[in-house]
Amino acid sequence: MIKRIRVENLEVGMFISDFNTPYLSHPFLPNRRRVGGAGDIDRMLRCGMKEVMIDTSRGRDSSKALGLYEVDRQVEKDMIEDLQGEDEAPALAPDAIPLARELPKARRVYQDARQVVKDQFEDVRTGHPVDGEGAHETVKDLVDSIFRNRNALLSLSRIKSFDEYTFNHSINVAVLALNLAVHMGILDQELQRLGVGAVLHDLGKVRMPDGLIQKPGRFSDTEYEVVKTHAAHGAKLILDAGNLPKECAAVPMNHHERYDGTGYPRHLTGLKVGKFGLITGIADVYDAMTTNRPYQKGMPPDVALRMTYQWAGTHFHPIYVRKFIQCLGIFPVGSVVGLDSDEVAVVVRQNRGELLRPWVRLARAPNGAPYSPLFDVDLRDPDPRGEKPFARSVKGVLDPGRCDIDVHQVMTSGGVEDSPQAT
Ligand SMILES: [Fe+2]
């Protein structure tokens, strides 16, 4: 059985099944291991780990370890109670054009941006400077799309590709960071600078020895120290470009710093991490957690969001976490949800200020049969029979693996905005 336990309560002989922490901020790869000695526990505490998952079928159990399901439901309940009544960014203008019209444009913007980042990595690797103008234009296109319709790029950032992780990740982090920044009232030049830093936040990885970043096994302590230098390398590359504002360099420099001082490279604390570092730190970890990689299965967005919520005040600034959840919704795009109509659906976009009532794409009927075509419904729609306030409500989040839903397929097969009657 998988249980959660505080790191200080770990005992030698327990089997850690998940470190429950942002992947690249700990040196214990791979992500599963037996606790070998007190030294392991000390290192985990030094990395800022608070809680880990243990598998009691493969190692020792403890009365101090709690069942995962109970812990998850409690966190979900706390998060909903804490955030559901909160007003979303009041200054945020309504979307200028509908999602369906923006999506094709956003897709082109996303693909172009990915190509620009790929070219930048290749240029820098072969000794050329960063193309500041190219990065600037790319971010302008991303920002314009977000202001036309903020759900379009956000939903594209959920459709993960197994290929070219670094380039997709760079754009996803920029999209998440820009959305969060807009929610926080950051605009114009500052938004542009944040975006440029975000698309280039991992550029310093080109200075790493060949194969190190892709290494599937555990980093040695020495290797981990080298990995950490990608932050400063990235900042220097931006400063050396000569045609980029120096503020952009704060993103690569600080995106691995943590609010509680457990990050790197300078172990900054609190607001010293800076707005750009605090924003991109959350975006970076959230995207990394939700993406499949050869050595790590991506977690569903709602699970990643709950973990982000739990790190408010430790890894992340609590206000930034609240804004991030308001921005993504309590059921982020890509979450699989069970409805009170007994249908199964995938969240496809958020409704402003309605964290619990997003648009969903109905995938399965109450009898379990797949819908064809797939219908998009607005969970704000009232019950046509007037027997309850809404036609459909989320009953709970489901594990896509357990209910046999291919989220990627559902999200890429456009829904029809004309729903079957709720039963
Ligand atoms: Fe990084």
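How many residues does H6 have, and what does it reach from its first C-alpha to its last? I looked: H6 has 19 residues and reaches 27 Å, close to the 27 Å expected at 1.5 Å a residue. The expected span is 1.5 Å times one less than the number of residues. Helices (H or I, at least four residues) and strands (E, at least two) are DSSP runs, numbered from the N terminus.

**Ground rules.** I am working on a predicted model: local features need pLDDT of at least 70, side-chain atom pairs count only at pLDDT 80 or more, and totals for chains, interfaces and linings use all residues. Residues are numbered from 1 along each chain as its sequence is written.

**Whole chain.** I noted 14 helices and 10 strands in the protein chain. The radius of gyration is 22 Å, close to the 22 Å that the globule rule gives for 423 residues, so the chain is as compact as a globular protein of that length. This radius is taken over C-alpha atoms, and the rule is 2.2 Å times the number of residues to the power 0.38. I checked the box along the principal axes: the C-alpha atoms fill roughly 65 × 55 × 35 Å.

**Burial.** I call a residue buried if 20 or more other C-beta atoms lie within 10 Å of its own, exposed if 12 or fewer, and partly exposed in between; C-beta atoms are placed from the backbone. Buried residues make up 44% of the 423. In H6, 17 of the 19 residues are buried, so this helix is largely enclosed by the rest of the structure. Just after H6, I found Gly185 with a positive phi of about 85°.

**Core.** I then looked for nonpolar cores (sets of buried Ala, Val, Leu, Ile, Met, Phe, Trp, Tyr and Cys residues joined through C-beta atoms within 7 Å). The largest has 95 residues, and Ala177 and Leu178 have the most contacts inside it. H6 gives the most to this core, with 11 residues. Domain 2 (99-328) and domain 3 (336-412) both contribute, so the core lies between them. The domain bounds come from an automatic or database assignment.

**Helix H3.** H3 (residues 99-125) has 27 residues and reaches 37 Å, close to the 39 Å expected. I found a bend of about 25° at Lys105, the angle between axes fitted to the seven residues ending there and the seven starting there. Its buried residues include Glu102, Ala106 and Val109. After H3 comes Gly127, with a positive phi near 95°.
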